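Let's walk through a few helices and strands together. Keep the model open beside you as you read.

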Amino acid sequence: MSPFLVLCGLVAGLALVVSRIVERAKDHVTQIRCAPANESHWLWGHELSIWKHQASVKYLDWTVGLGPFYRIKASFFQRDIIVAGDHLASHHILSNASLRCRLCPGEEHKHQRRLIAPAFTLPAVKDMGDDVVECAQKFVQMVTKHVTSQGGASSVNIGPFVSACTLDIIGRIAFGHDFGCGTSEEARNIITSWHKDVLLSRTIAGFLAPIIMCTFPWITKLPIPALQTDGVAKRVAIKLAGELLRNNRAELESGDGKDILSILKIMVGHETTSCTVSFTLYELARHPAVQQKLRQEVSDLSDFSYDSINALPYLDAVSKEGLRVHPAAASTDRVALSDDIIPLAKPLTTIDGTMLTSIPVFHIPMGAQNLTPAPERWIEAGGIPAFEQLPYGPYAGVSSFLDGQRACIGWRLAVYEFKVMLALVVRDLEFSSTQDEVEGFIAGTLQPIVGEEVKMPVHVRLLTSAPQ
């Protein structure tokens with residue numbers, strides 16, 4: 001490369017840095033309290049610290065010290081990021097069309113949502129009951145078979161079993177396709193690819209890639225093979241969608257939500273449900289009294305229909321607590337397209353008392369402000385704060401499914417399959433903790449890490465009353 005081009009590059013880079021510094025000096029957002037400077041990298045800001053620590057840990061630490069509305073330093077000298085843990089503020093942000101998701105423009109999202117919506121109405125989800133229950137039963141049978149082969153009790157990496165079940169459910173409802181409890185070629189390809197992606201996400205390259213693409217979105221248009229290649233899950237979805245189209249074109253064109261965009265969106269959901277189920281089983285293994293109380297509630301249950309499963313109060317409490325403590329994503333981002341006034345549940349005092357009217361980029365943390373699992377809080381009087389002090393969203397009191405126009409459209413199905421899987425597996429199997437230290441890191445979604453491995457080890461014992 002010529003010296004002239006190198007010089008031009010250096011000048012352009014310096015100009016970018018200077019413009020960022022000048023812009024930041026004029027930014028009234030700097031009046032909001034900031035996360036500790038000693039935890040901020042000179043180039044990557046506080047984002048590196050968030051990535052290095054377990055999911056939600058830094059958000060919780062900073063919330064304790066700074067309150068639920070504060071700022072952090074962004075990477076590449078970009079404008080500071082506002083972290084809005086204040087529930088009234090996050091409700092406003094998520095419900096406001098002028099605050100755009102960085103990853104999916106508004107019109108594109110509306111189009112996708114219109115296509116998918118018919119597949120997730122309440123009647124549609126209720127009709128999925130037989131498929132959900134059958135897949136969950138196969139999940140229990142697979143774990144039971146494995147434990148039986150080990151003499152009736154064994155340490156098990158429960159994650160792959162759970163993931164295979166949620167993938168089976170997706171295959172049934174989206175494609176009418178059987179992934180064979182994770183044994184089919186397509187399932188193995190998807191699981192292997194996802195495992196590689198998780199490991200990559202925990203490398204410095206995995207940290208940098210999404211930041212660089214968000215900062216310089218034009219990079220994704222470059223003719224670089226690695227950027228243009230479709231992922232394995234997308235290739236499998238396209239293949240199965242083609243078969244579905246050939247076999248039942250009339251149904252696809254009738255507007256039932258089963259087109260290629262719907263299928264791609266639905267397929268992503270299998271991993272988000274899988275990780276939260278796995279971590280909830282991990283917590284049940286660590287809290288045997290909670291597990292036994294749940295087992296007592298579901299022990300005589302024979303009807304696993306949507307209405308029946310949602311009528312169980314303790315199962316609902318355990319599910320909410322699992323989603324509260326271990327959400328699949330640590331945060332969601334929004335960018336302000338115009339000036340706005342953000343309402344706060346609690347007053348915010350800035351350094352100079354300035355009223356803020358324009359906020360650039362938001363992180364909305366999804367994690368809990370109390371990481372100690374206690375399902376009883378959802379049942380006992382006074383166990384949770386007043387309604388207006390809880391996160392807004394379709395599943396009352398839980399932020400995992402977001403809120404407003406971008407609330408998770410498949411939340412009913414996610415909660416239903418979550419509950420059915422928990423009910424069936426706890427009824428037949430007993431879980432206890434192992435000596436392994438499990439850490440939860442965000443790698444696409446929440447992932448269990450033991451040392452350098454991606455796994456969720458629990459000890460499983462076959463109950464004497466369970467079918468062999």
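In this predicted model, helix H7 buries a set of residues along its length: Gly129, Val132, Val133, Cys135, Ala136, Phe139, Val140, Val143, Thr144 and Val147. An α-helix has 3.6 residues a turn, so residues three or four places apart point the same way. Keep that in mind as you trace the list on screen.

What do the buried residues of H7 pack against? Their partners include two helices, H6 (122-127) and H18 (411-428), as well as H8. Strands S4 (153-157), S7 (429-432) and S11 (457-462) are also packed against them. H7 itself covers residues 129-149, 21 residues in total, and reaches 30 Å from its first C-alpha to its last, close to the 30 Å expected. Just after H7, look for Gly151, with a positive phi of about 95°.

Now move on to H8, which spans residues 158-175. Its 18 residues reach 25 Å from first C-alpha to last, close to the expected 26 Å. Is H8 largely enclosed or exposed? Here 16 of the 18 residues are buried, so H8 is largely enclosed by the rest of the structure. Just after this helix comes another glycine with a positive phi, Gly176, at about 65°.

Finally, turn to a sheet. Three strands form an open, antiparallel sheet in the order S8-S9-S10. Its edge strands are S8 (439-443) and S10 (453-454), each pairing on one side only. S8 is joined to S9 (residues 445-450) by 5 bridges, and Ala443 stands opposite Thr445 in S9.

Note on methods. Residues are numbered from 1 along each chain as its sequence is written. This is a predicted model: local features need pLDDT of at least 70, side-chain atom pairs count only at pLDDT 80 or more; totals for chains, interfaces and linings use all residues. Side-chain values use heavy atoms; hydrogens and water are left out. Helices (H or I, at least four residues) and strands (E, at least two) are DSSP runs, numbered from the N terminus. The expected span of a helix is 1.5 Å times one less than its number of residues. Buried means under 20% relative accessible area, exposed over 50%, partly exposed in between (1.4 Å probe, protein chains only). Two strands pair if DSSP finds at least two bridges between them. Contact means heavy atoms within 4.5 Å.
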